[in-house]
Amino acid sequence: MASLGSYTLSIPYFIIIFSILLIPFSRGVILEEMSDILAINLRSQKMSHLHFYFHDILSGKNPSAIKIISPGGEGIYGFGKTFIFDDALTIGPNASTEVIGRAQGIYAFASQSELALLMTLTFEFTQGKYNGSSISILGRNPFMRDVREMPIVGGAGLFRFARGYALAHTLWFDIKSGDATVEYNVFVQHY
């Protein structure tokens with residue numbers, strides 16, 4: 001709490017009063033930022049459950065993931081191998097079902113003792129209620145395990161200030177090509 005003489009104000013109100021005093025100097029920039037902060041503080045936090053499928057294709061003429069770093073040989077597995085991807089997100093497990101967005105990012109084999117990826121990715125939604133919004137994930141994915149949990153580290157649009165977790169479950173995996181279909185259950189808190 002900030003104390004102003006005999007008045008006690010909470011921090012958001014103190015910031016608003018302080019920003020009003022700066023309006024002639026800031027040309028409204030601070031006021032706009034403060035109104036965004038106040039609007040977020042007044043909205044209630046929501047928990048959303050999103051369910052979709054991720055199609056990672058390394059084979060064929062039009063792959064959605066490509067190897068960009070390949071220490072120690074040509075295979076697709078091995079410590080340090082790194083891929084960049086732009087995968088379709090669909091409402092069903094079949095790649096021909098409706099596309100609701102894209103998963104874009106980088107994954108790398110980051111373990112010397114098991115098949116585990118370090119994943120940095122963004123789920124960008126292009127259809128429906130969350131069109132134009134995104135969720136960002138950064139975490140470890142030991143993809144041979146049945147279910148993996150990765151943290152949500154942020155978001156944009158309707159997912160601004162997002163936090164939560166994503167559960168990944170591999171439905172189909174071709175060990176020779178690396179192609180996979182992964183089911184995602186995402187639990188995200190947002191305003």
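Student: Over which residues does pLDDT stay under 50?
Tutor: Residues 1–7. This is a predicted model, and for that stretch it has 11 contacts beyond four places in sequence.

Student: Why should I be careful there?
Tutor: Where pLDDT is low, the predicted coordinates should not be read in detail.

Student: OK. What does the protein average?
Tutor: A pLDDT of 87. At least 70 is reached by 77% of the residues.

Student: New topic. How many residues are in the largest nonpolar core?
Tutor: It has 33. Those touching the most other members are Leu50, Phe52, Phe123, Phe125, Ile135, Tyr184 and Val186.

Student: Which elements give two or more residues to this core?
Tutor: Strands S3 (46–56), S5 (82–90), S6 (99–109), S7 (117–125), S8 (134–141), S9 (147–156), S10 (163–173) and S11 (180–190).

Student: Take Phe125. What is it in contact with, leaving aside neighbours within four places in sequence?
Tutor: Its partners include Leu50, Phe52 and Ile135. Among the others are Leu89, Ile100, Tyr130 and Phe159.

Student: Which strands supply at least two lining residues each?
Tutor: S3, S6, S7, S10 and S11. The largest share comes from S11, with three residues.

Student: And what's the lining like by class?
Tutor: There are 15 nonpolar residues, three polar and two charged.

Methods
Residues are numbered from 1 along each chain as its sequence is written. This is a predicted model: local features need pLDDT of at least 70, side-chain atom pairs count only at pLDDT 80 or more; totals for chains, interfaces and linings use all residues. Side-chain values use heavy atoms; hydrogens and water are left out. A nonpolar core is a set of buried Ala, Val, Leu, Ile, Met, Phe, Trp, Tyr and Cys residues joined through side-chain atoms within 4.5 Å. Buried means under 20% relative accessible area, exposed over 50%, partly exposed in between (1.4 Å probe, protein chains only). Helices (H or I, at least four residues) and strands (E, at least two) are DSSP runs, numbered from the N terminus. Contact means heavy atoms within 4.5 Å. Ala, Val, Leu, Ile, Met, Phe, Trp, Tyr, Cys and Pro count as nonpolar, Asp, Glu, Lys and Arg as charged, and the others, Gly among them, as polar. pLDDT is the predictor's confidence in each residue, from 0 to 100.
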